[in-house]
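User: I would like to learn how to read salt bridges and helices in a structure. Please take me through them one at a time.

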Amino acid sequence: MHNPIKNPEYEAFFKAQSEDGWPPPAHMIDAFRSLLTNPSLPASEVAQQAASLYIQQSDPNPDYTSLWPLLFDAIEKFTEQNDRLLDFVVEFQRLPDHNGAFHQLNGLTEYLVEFVFDYVDHPFYDPQRDQKRQGWVNINAFTAKLHNTGIRPEGRGQLHHASWVMRKTLEKAPWEVFHHADIEECLESLQDGYVEDYEGELDEEYNDKRDHFLEEIDIRTLNGWIPGAAQWILLCGKEIYGMEGSLGREWPTKWTGSEGWSKERWAFWRQRFEWASTVTALDRKTRQLAREMCVPAKESDSKQSRSSCTRCLRRHVPCSRSQAKLADTRKLQARPNLPAESQNGSSRLEEFLSDEKSVELLVQEYLSKIHGRPHCIFHPVTLWIDVRDRRIGKALLLAICAMGAHVSSRPNLRSLQSLLTTEAKRLLQMDLERVCLENVQTCILVANLCVAHANPSSEFLFFRTAITMMQLIRPFADQGNSNAVSHELWIRIWWALFAADNWCSSSLGFPRQMKDWPRPDRMPMDESLFAGMDPDAVLHDPNEPCKSPGLWAHMATLHEIFGPIQELNWLVATNKELQPNRMERDIENLAQRLDDWQRILAEEDQLTEANLVGHSERGTGGIFMGLHLGFHHYATLLLYQYLDPKSALTMRGRQFAARCKHHALSYSTWLARGRRQAGCEAIYPTVGHMAIVSSSVLLHTLLFGEENEISQSHHCLKANFEALLELKEYWPNVNTMIDRLMEFQNNCLLLSHHQQTHRLDRWMVRFLLEYALPLDDKAITPPTASEMEIISTQAQFFSQKGRLPEFGVS
């Protein structure tokens, strides 16, 4: 579940719609609110919501025409939602209810003619000129895309609108005429309202009206018309070039050739674009856009691939990506020579990339099921814009989709995980010298994919590369003109890499790199505030403290405690001369830090059933669950050594042992609870390792605990194993984790006759921390004949008492 976007402009829009003299139905406004504020919600669900009232009615011909004013008001106002609104119309048209009553999109054609394609540009006196011009661009882009979907409302395409726009823009030239009979007639009629001209009032009104009329035919109106016409060339140019026959009612214009569509008329339009690019009176960006339209149709495909990105074209502003060099590196292109890929694999990859729906499904899977848990490295709104506008680099997109493919419920998409992972890694390796945010994000994702495929050396390499790139970029050094979203994103990336440095380093037994680095000046902000930020917002004060820290701020402070816990466990396992008093004092201090961390959490962030449901509904359930699972795991690691009877001889030691069991039980209980709550599932790879550690404590309780603890331990062990089996479906490395648990269980049974199963030696620390490496056989002196008899007896005893795990012994 995606955290809903809190955008004041959206709320103002919906408020104005509901207060209109002829407001749309409330359920339709609610549907559009979901559509605009929750980018991860499938458009098909929103379409069902918008049509719900009509579906419930028995009328076989439902009147849903109130949809169109709401739709086009949203199209005009929200440029960034253009594709999202198109997806909604496509899904609305597909609704099967009422024998296909929604297929024809009744009333849309009439509404477009009467109320949408009636644009008039006011270049001087309209205070909302720029907003209206952008709205006109949005409408033309949307309508052209609607035509490209193949949907034909009431049997008609949309190119008749294209012909009207092209002729109005490129064939009419009213500024070349010096006598306008229609304007003269209107001005002369003014005198009918005056008995006499008091103090020149008639002259004043005459001049005002004249200026108003002349404004509408000034050559500078092309600053509004040309960007709208350009959308048809960009999106439907190839089809328009090939059109023949009537294009509707004609009127006298600068075009003097044959009526109707023709290649000759296309060539004339091209000449007019070229002429517009030379008009001094026009804005620079208009002239540049006109120049980009001066291209023969046969060249349009290749030219367009090198021109501005869709976002800049929509806003009709110059785009640096129109340069071929930048386009080659930033545009999402297929490379003709894919080494180490079979022809079948190459074509399958390009087929996937050309399928926008499949790409967006996997991006959504990643955002809803993984992002925010082990890392938070994207601003979702910005990411969706970049994906839909194809502004995102190919390696990064493939890495995101590879993560999404692992957790996809669709077999055809899940089968792509290996192909997507391999190609993402290959493209990243080719581009490693480009130090930028995008490659940092790609390194983090590829490192996570290496975790999933049990490749610890590559995981370490890509995480360290991301850390090094961040050092080179120095994101917090000079932020005079920084973007607010980028600043917050770098804070989150810093802490994501800090967490990865903890986990990855410990998994291989290497020292941490970021341990003593200076921390960012402030903590990550509240997730809902971050999600609702405008992608173009300017950062005013980079040193301003965080007034509303979020869940990732708590995650950051928790990771600060995790590092010392790891170091202490290694110290205990390897330093035989460590004084027990010092060790217990250090553990006491870390335990107190964990208690303090939990205590200062806001009431709504405490781990309770009500808060779990609340965060689920707000779209932060996954982050909330990941935060608290991490807390219980770290506490379990800290106190694990007290499961060894030799470490639990004191009252404090026995209390620590009990707390260790409590945290292991809590981990299992809440992991199972999260699996039942939508949006709270924890299915990223490291969850499996944490479940293994929890299970090892539960196994101790099962073997040596009190009778009243057996039932709950059995239940939680079973729940952990069910979670592991689910995770195994997503991540290949979980098989190795399950093997580790089986190996641990066998060692426990072998050593249970003298209760040395959980002694914190070097082997045990590797089991707890080095999740990526295989375990060596534990050094055990071969049992004597008498010891074998004891083992056999105890095994029979455990079985009779129900103290053997139900998932079996290898």
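**Salt bridges and helices**

Analyst: R33 forms a salt bridge with D30, and their closest N and O atoms are 3.1 Å apart. This is a predicted model, in which local features need pLDDT of at least 70 and side-chain atom pairs count only at pLDDT 80 or more, while totals for chains, interfaces and linings use all residues. Residues are numbered from 1 along each chain as its sequence is written, and side-chain values use heavy atoms, with hydrogens and water left out.

User: What counts as a salt bridge, and how many does a search of the whole structure find?

Analyst: A salt bridge is a side-chain nitrogen of Lys or Arg within 4 Å of a carboxyl oxygen of Asp or Glu. The search of the whole structure gives 33.

User: Where do R33 and D30 sit relative to each other in helix 2?

Analyst: Helices are DSSP runs of H or I with at least four residues, numbered from the N terminus. R33 and D30 are three residues apart in helix 2 (residues 26–37), so about one helical turn separates them.

User: Which salt bridge does D386 form?

Analyst: D386 meets R391, at 3.0 Å from N to O. D386 is buried at 18%, whereas R391 is partly exposed at 21%.

User: Where does D386 lie, and how many residues of that helix are buried?

Analyst: D386 is one of the buried residues of helix 20, which also include W384 and R388. Nine of the nine residues of helix 20 (residues 380–388) are buried, so the helix is largely enclosed by the rest of the structure. R390, which follows helix 20, has a positive phi, near 60 degrees.

User: Which residues are linked in a network of salt bridges?

Analyst: E488, R492, R522 and E527 are linked in this way.

User: What span should helix 3 have, and where does it bend?

Analyst: The expected span is 1.5 Å times one less than the number of residues. Helix 3 (residues 43–56) has 14 residues and should therefore span 20 Å, which agrees with the 20 Å between its end C-alpha atoms. A bend is the angle between axes fitted to the seven residues ending at a residue and the seven starting there. Helix 3 bends by about 45 degrees at A50, and A50 is among its buried residues, as are V46 and Y54.

Conventions: Helices (H or I, at least four residues) and strands (E, at least two) are DSSP runs, numbered from the N terminus. Buried means under 20% relative accessible area, exposed over 50%, partly exposed in between (1.4 Å probe, protein chains only).
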